[in-house]
Structure formats: structure tokens, C-alpha cells
Amino acid sequence: MSRKPTILAAVLAALPFSILAADPTLAPVVVTASKEQAPPLATTIDAADAQTLRAATSDTASLLRDVPGVSLYGAGGVSSLPAIHGLADDRLRIKVDGMDLIASCPNHMNPALSYLDPSNVGSLKVYAGITPVSLGGDSIGGTIIADTPAPTFAAPGQGSLFKGEAGAFYRSNGNAKGANLSATYATESFSMTYSGATAESENYDAGGDFKNFTATGRPGHALPRDEVGSTAYETRNHTLGFAFKGGNHLFEAKLGYQDVPYQLYPNQRMDMLDNEQTRLNLRYLGQFDWGKLEARAYYEKVDHFMDFGDDKQVLYGGLPGMPMKTEGKTNGASVKADIALTQQDLLRVGGEFQRYRLDDWWPPVVGSMGMGPNTFLNINDGERDRTALFGEWEKRLSPQWLTLLGIRYERVSTDAGPVHGYNTAYFPTSIIGMDMMSQKRDASNFNNSDRSQTDNNLDLTALARYTVSANGDIEVGVARKVRSPNLYERYSWSTAGMMAIMNNYVGDGNGYLGNPDLKPEKAYTVSSTFDWHAAERDWEFKATPYYTRVNDYIDAVQWNGATNVARNPQLANQFTVLKYANQSARLYGLDLSGKMPLGRSGIGAFGFKGLLNYTDGENRDTGNDLYNIMPLNARLTLTHQYGGWDNAVELVMVKSKNDVSDVRNEIKTSGYGLINLRASHSWQQARVDFGIENLFDKRYDLPTGGAYTGQGTTMGINSIPWGIAVPGMGRSIYAGVNYKF
Ligand SMILES: [Cu+2]
């Protein structure tokens, strides 16, 4: 630690000199964020934007941190879960290369964006307000469209081309390092690309004075005092793509393979100790006189394994661990046509199909009376199938007015087979005995219940965009969106605390119990965006107020496993078991964002960027605040460009979180401010990035990072102390290089 300020001072001291030393006549690589202008407004992070952050992070979701309306649920080092306007995870539609990937893990450790390395991002488009039905489905919040780079072909007459890119990074906090390589060989009609990336990190240190469990004298694996337990990871991603182009037809085949040897979780009782994904994605895209036709078919298989990582420990009878396995298989297909009816009318019609199979089972632990002799079947033969049809009509009424009307019907069927616990015998005397008793009762209740459910979901969207002048646009939209429960929400069945805490994908440390009778969530949203800007967008200011009412919102009620009824009174200041329940909720808020030039002088062009997000969420049935709502936060950035230099100083400000979900005993967090520094220099082929995150090594808690469960005996529901939030990362100095050939 003592060395860091010295390095820091050296970097800071060197900055102005290196700026002066740079030759301004060298052609800079132009880095601009492209903003889509067609309705509805989407914010796009392109490959160049991603590049400015990827030396600082290996978590693709965190590339969205500058996008208005987006916040992140903390999770593993490469797997944070995006939230848009207070709705997160399965409530959002997140497509990676057109695939609706599903987090199969009972802790959602493997969400869609965790399969995409930041170095392989072609673009990330965020629809924060109203999502068109063609890009939605089975979700009630916004949509994130993530795509790998589009295939490139040789120019006519060029014959063939070979090109590629290689990069590496290092980050001081956690001793994180990684590398990426991509190479393309292409002719005018054929293109082949390999992309690979690896990243690994040890546990990170919190800023300032964090006292982990070791520092506070709790039992468990001993760690240096500032270290945040269970934050290490190692990940490897590979994709191999083939593309054929003939006339107006494009055919693509993409193979993907991900192997994560470990990704530890500071806010889960378990750690990911292996995640292997294989996927195949086929796509056809055709241009015709009448419009565009796109068809896709994909297959994905995930093998996921969890147990306690090094920082967690089992004291229950000195047993070696608690292995948990998950297998998910997804088959999907979609067809979409964009039909130009007239010059002013565009019709989008399409259909989607998805077949998902899930097994989640926990093998017996040899020698354990509590965890054996049988396998614990958490989800057995889980099924979730979706069939959807949609139509969307985009009309330009006049040069000023553009409207979009959409309707989408989606049928979602779910089911799960019969289950049993570790041991169906009855041990009346111990805590373990009580767990066994409830497992027998719970399994029997579950097996006798009607578990097959079919939901008929209808989404409706209406959107209008009015161009006031060359300097202003207004967009107003209303939508009804529906999401069916996921398999864990419907079918996890054990009330026993020790089992329920393994079914948790919000990181609050509690246990969750499914509910086969859950109905789909229906959201009604009104949102508008006021967009003032210079004709060339040298400056811009956007405001997006929104309001959402959700009927049958899937929240949770505290559950008493012994009596098998809702708990009353509630347990406070401890971890508890909750059962999913349909309630109602409302969310509202405001995003503000803008940028302006601050002038140009002999030492370059300066600019200012700002972003502010506010969300309020309430459960209308209980009056409780909704869980994991990011408090008021703002991000102010001073930018500087000179020759090939592109630099920034960033101030992040977050208010304290006092609005918490009482039913989940959510932890309050204090407000904080952080300073980040970034610098980069680009040449024709090479680029270097370096910077410092959390310059002053500030201690802060992640407001949506959940409860700290990263150390010790996490197996018992209250065997670790309640009330400690996961702290954010302390100062990290990083550098990255990238070379294009
Ligand atoms: Cu997992």
C-alpha cells in the first residue's frame, strides 16, 4: 500500500509532460459515441467507447456505467447485473448476438453479459425508456442489445485481407491481468474471425479502512484486513465466427465457448467454481426490394458448478463442502421482417421461439447426515418455453412526427418434475433434524401441487417522437409489458434456511422459496425524453422522466418454515427466509444527461459531461421500499483531447441509501464521492490506456452490492454477521495496451 502514492505521484507528474511531448500532427483515432436517432431513443456504447473502459474493467455490464438510467447490482467480478430504472436481471431483455441467454445458476452467477468479454463488444444499445416490442418480450423493463463486431469482408478488388488486434491490461488492485486477441481472414464473400480473451484477478482491497471478518475476529479463512473476501475470478472466452456474403444475402455461424475456472461471490453463500458454456448461433440476413429479412437459430448449453471457495468455510461437522450443479440447455429461433409498406410506413413483424431446460441438483456429501445419502433435487426437469409473435408499425406522419405502435403476444409455459431432499428420513432432535423434517414435508407438498403453468402475455407499445427543431426532439411513450416468473421463482421448494439461502440471485444473503402459483408481472410505463442539442450535437442535454406501475410484481414475504406460513411479526436485523409473492409496485424517476464543449486552447480541447440518475421504488401493498434501488447519483466528467490524447477526470457522487426493503432487512449505505482519472493515447495502430480508479482510496459501500457474505461459515443462515455491505474497490492503478494489425 505504501508504494501506491509514490507511483500515483509519478503518474500524475508525468501526465502534463507527456501531453506536451505528443506530436499533435499525428492523426488521432477519432472516438465518438454514436447515438441512434430513430425512435425510440437508445444510447449506444460502441467498440470505441468500450475501449476507453476495458483497461479498467473486465465486467461488460460495467461498460454501461455512463448510460443514463442504468445502475448495476454487484455480483462476481465479471458478472454484475444491470438495472434500468430500478428493474434488473430477468426483468430486462438482454440479447447477446440476438440470443436470449438465461442465467441458469440459482444465484444468477452467469447472466447474459458475463458471456461477452469487453474486448469483444461491437456495440451495446440500451433502450432505457420505452422498448419497441420487436426488441422486448418476457420482460417489464428496458432492453440491452449486445452485439459482437459485425463481420468484415475484403473490399471489391482487394482480393483477401488479414487483420487483427491484440491487447493486454494490468490493474494494481487485486493484481488483475488479462489479454485479448482477435484475427480475421476474409475475402470479398467469406470472412472468418477468432476472438479470445482471458482475465483474472485476486481478491480486491477495499478503500480506506474496511474491517473484514478476519479483522473483526470472526472465524473463517484469514485474510489481510482490507481484503474483500470472495472477489477473485478467472475467465476465458472464445468465439469463432464464419460469414458468407453473396449479393444481398449474409449468412453467419458463430461458435462460442466460455470456461470460468472460478468466480467468487462476496454477496453469495456459494462460489462459482466452474462454468462452462458452449453455444452455436446461426443467422441469415437478406435485403430485398420490399425490405429486410432476418432469421436466427441458436443453441446454448451451460454446465455450472458451485461450492465454497477458499475464503468460505464449512464448520457444520467439518464437512468438506456442499457441491451444487446446474445444467441449462436453450434452443431458440427467431424470424423478423422489416417491410417498407410505403416511403412513410415501415412494418416489422416477427416470431420467436425458445425452449429452455434446467436441472439444478446438489450431490450428497459423503459422511454427512444432513446432506445425504440422496441428491438434493432443487429444480428437476425444469422447463420454460416461450413462443412469441409481434407486429410493429413505424410511421412518419410528417417530417416532424414519427410514431411507433406495437403489439406482441407471448405464450410462456413452465413446469418442473417431482423433487426430493437429501434425506427423507426423520430426525426429531437436532436442527438438522428439523431441516430434514421440513424437506420431507416440503417435497411432498411440492410433488402434490399443480406445477404446470401457461401464461398468455400481451405487450403493447405506443410511441411518438416530435422534432421541434434542429435543436430539439421530444419523445413520449406508453407501454404495457409482461414477464413470466423464472423457474427458481416458481419452483425452488425447500423452506429450510440452509437450502433456501442457496436460492438467491439478489445478493441480500437471505433465503428464497419459490411459489408455483406466481402470476406474470404486468408493467404499465409512461416515459418521455426531452432532447435539446446543437445541430451537430456538440452540446446536448437530455431529460427522461418515467413512471411505472407493476401489477403482480414479484416481491417476497418473510416465511416461517416451521409453521409454513407467512411470518408475523417480521424478523429484523438478521438474514431470513422469504417466499416469492405477487404484490404491486410503482417506480418513478428521472435521468438527466448532457455534455458541452468548454473551449479549445493551445493545450487541447476541453469538455464537460454530466449524468444524474434518480429512482424511487415502492411496494404498493406493504408501503415498503423496493429492494436494491440505487440512490440519487451523479457523474461529472471533465474531458480533454489533444492530438492522440483523450483524457478525463471523473467525479462520481452517490447519496446515502436510506430507503431500504424492510422485509429483506436490506442494509443502509452511506453517501460517497470518488475521483477517477483516465488517459489514453492513440496512434494509427496502437493505443495505450491508463488511469486510476478511486484516486483517494475512499472507503465506500456498494449501495446495490448486497450483503457481505464473502468469508467464513456461510452455510448457516445466520452463521455469519448480518449488516455489513459489500465494500467497493479501493484505489486501482491500471494500464492497457492494444495493437491493431
Ligand atoms: Cu452459481
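Welcome to a predicted model, where local features need pLDDT of at least 70, side-chain atom pairs count only at pLDDT 80 or more, and totals for chains, interfaces and linings use all residues. Residues are numbered from 1 along each chain as its sequence is written, and side-chain values use heavy atoms, with hydrogens and water left out.

**Salt bridges**

- A salt bridge here is a side-chain nitrogen of Lys or Arg within 4 Å of a carboxyl oxygen of Asp or Glu, and by this rule the count comes to 50.
- Arg537 also forms a salt bridge with Glu540, with the closest N and O atoms 2.7 Å apart.
- Arg537 and Asp531 are both buried, and Glu540 is buried as well; buried means under 20% relative accessible area, exposed means over 50%, and partly exposed lies in between (1.4 Å probe, protein chains only).
- Arg357 and Glu383 meet through their side chains in a salt bridge of 3.9 Å, N to O.
- That pair links distant parts of the chain, 26 residues apart: Arg357 sits in strand 16 (residues 345-362) and Glu383 in strand 17 (residues 376-396).
- Glu383 counts as partly exposed, because its relative accessibility is 30%.
- A network of salt bridges links several residues, among them Arg93, Asp100, Glu352 and Arg408.

**The copper site**

- Cys105 (SG), Met109 (SD), His304 (NE2) and Met306 (SD) coordinate the copper ion at 2.0 to 2.6 Å.
- Donors are N, O and S atoms within 2.8 Å of the metal (3.2 Å for Na, K and Ca); water is not among the atoms, so sites may look incomplete.
- In sequence, the donor residues follow the spacing C-x3-M-x194-H-x1-M.
- Cys105, in the loop between strand 5 (93-96) and strand 6 (123-127), and Met306, in strand 14 (residues 291-307), are 201 residues apart and link distant parts of the chain.
- Cys105 is buried, with a relative accessible area of 0%, and Met306 is also buried, at 0% relative accessibility.

- Strands are DSSP runs (E, at least two residues), numbered from the N terminus.
- Strand 6 is largely enclosed by the rest of the structure, because four of its five residues are buried.
- Two strands pair if DSSP finds at least two bridges between them.
- Strand 1 (residues 43-46) pairs with strand 6 in the antiparallel sense over four bridges, and Thr43 stands opposite Val126 in strand 6.
- Strand 7 (residues 143-147) also pairs with strand 6 in the antiparallel sense, over five bridges, and Ile145 in strand 7 is the bridge partner of Lys125.
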